[in-house]
Number of protein chains: 2
Amino acid sequence: MQQYFVKGNAENPVTITDKETAKHMFSVMRLAAGDEVVLVFDDGVKRLARVLSSQDQQFELVENLAENVEMPVEVTIASGFPKGDKLELISQKATELGASAIWAYPADWSVVKWDGKKLAKKEDKLAKIVLGAAEQSKRNRVPEVKLFDTKKDLLARLADFDKIFIAYEETAKAGERSALAQELAQITPGQKLLFVFGPEGGISPQEIESFEAAGGIKVGLGPRIMRTETAPLYALSAVSYALELADHD
Amino acid sequence: MQQYFVKGNAENPVTITDKETAKHMFSVMRLAAGDEVVLVFDDGVKRLARVLSSQDQQFELVENLAENVEMPVEVTIASGFPKGDKLELISQKATELGASAIWAYPADWSVVKWDGKKLAKKEDKLAKIVLGAAEQSKRNRVPEVKLFDTKKDLLARLADFDKIFIAYEETAKAGERSALAQELAQITPGQKLLFVFGPEGGISPQEIESFEAAGGIKVGLGPRIMRTETAPLYALSAVSYALELADHD
């Protein structure tokens, strides 16, 4: 069944005011009175809803659905600004793979320089991609999208996390293979994890130092060299596997 | 250091005859006498090699390198033909993530219909993408690329595998979460695993039946709905995490 996110608290009946959402519902999908969809408000609860009036864009909430597909932990990924439109792929796939927030920052070795206006435009575009992916993958939450203006702004947020993992290629090359698994074995539900990734050129020694000073742990993600857009997908899959599949009977 | 795959057995000195490889070496990278690269022959051993003559496209093999980044098991992924150029993304990412072979087949619910000529052209293109990705991710092996003409041809190959996993969305929805982890806990090095994925529309009941008749096990890949091109990346990451990171001290 089609799922839509609606900003705000659940109210019954509810009128859809967001233009893009209403357009998809009534112009693209041509919903008519009596048709059912799933609506998800800010509380993350999925609710079965029935169209009362397509003209008024109004739904009646029928019942709450128990389905929750969120990870047991909140995983934020932070990518060094990569080239081209790689952030679009990262954002879409990270949403499908359960990320709680998708961040990016101007890393020392980022080739691209995005200023305020470009940054805001990019953030908007990514937010739309993430919203669409969250609806398609039936998430209960829409991941936050945030592009930091400066690295300082990112560093100021590090204290919010229970665990910070620095995906570091040299660690992987040196044969370090178990740190991530050891850490994940000790994670408890509800904790906030951050994975930091470099851009194409990698993370600079100064950055490693900053992240380590904030409690970050260098981890390898297997022995193969992954492109900058692939590593976050590996990390999210690994967390899901460890906490949703392996740690489950 | 730049890495290249060279078809055939190692010989010393070796002359590069493949036109694309030679072009990249001597026109793009402008290698000159004395420059060093890594060459990987059919035996999968990485060898340090030094240019003897760029005009003759000839290298001297200096020494064998111990580095092996291959998975401890051989993982083949088989995707139902997806729409557009999704197989390109799958092939590139699956190579980075350690796949041993990347297969695709005309599934019951595949929308695209690729005939012999189109299929051969697509296979060629994918093989080039995979070769480039294997060089970039410093693989010891170039994954096989195979697009099956008929599903029968795929089914005839199922007996080659020690384990066949059917990625089945309904299994994931039903809350099945641990089958994959239980199976991976019993895998031994060198075994051959196959993961079968449906196209956008999913795997048909008849296909499930055929794969199960060959010993396939339905597995969920977590609670979220993933796009057809994302599921293989999750599966490969999960196998890597389970066998390369978690099962390691």
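**Close-up views of the contact between chains A and B**

**View 1. Charged pairs across the contact in a predicted model.** Six salt bridges are counted between chain B and chain A in this predicted model. In one of them, the side chain of Arg224(A) meets that of Glu244(B), with 2.7 Å from N to O. Residue pairs in polar contact between chain B and chain A number 20, with both residues at pLDDT 80 or more.

**View 2. The side of chain B that touches chain A.** Helix 2 (86-96), helix 3 (116-136), helix 6 (179-184) and helix 8 (231-246) of chain B are the elements that each give two or more residues to this side. Helix 8 of chain B gives the most, with ten residues. By type, the residues on this side of chain B are 19 nonpolar, twelve polar and eleven charged.

View 3. The size of an interface is often stated as the accessible area lost when the parts come together. Chain B and chain A bury about 3600 Å² between them, and 56% of this lies on carbon and sulfur atoms. Within chain B, the residues that lose the most area to chain A are Arg224(B), Tyr241(B) and Leu245(B), which together make up 22% of what that side buries. The contact takes 42 residues from chain A and 42 residues from chain B.

**View 4. The surroundings of Lys122(A).** Lys122(A) lies in helix 3 (residues 116-136) of chain A. Leaving aside residues up to four places away in sequence, Lys122(A) touches Gly84(A), Trp114(A) and Leu147(A). Lys122(A) is buried but has no salt bridge. The nearest side chain of opposite charge is Glu88(A), 4.7 Å away, whereas a salt bridge needs the atoms within 4 Å.

Definitions and conventions. Residues are numbered from 1 along each chain as its sequence is written. Chains are lettered from A and ligands numbered from 1 in the order in which they are written. This is a predicted model: local features need pLDDT of at least 70, side-chain atom pairs count only at pLDDT 80 or more; totals for chains, interfaces and linings use all residues. Side-chain values use heavy atoms; hydrogens and water are left out. Contact means heavy atoms within 4.5 Å. Buried area is the accessible area (1.4 Å probe) that two parts lose on being put together, summed over both. A polar contact is a pair of N or O atoms within 3.5 Å; within protein, one must be able to donate a hydrogen and the other to accept it, and residues adjacent in sequence count only if both atoms are side-chain atoms. Helices (H or I, at least four residues) and strands (E, at least two) are DSSP runs, numbered from the N terminus. Ala, Val, Leu, Ile, Met, Phe, Trp, Tyr, Cys and Pro count as nonpolar, Asp, Glu, Lys and Arg as charged, and the others, Gly among them, as polar. Buried means under 20% relative accessible area, exposed over 50%, partly exposed in between (1.4 Å probe, protein chains only). Lys and Arg count as positive and Asp and Glu as negative; His and the chain ends are not counted.
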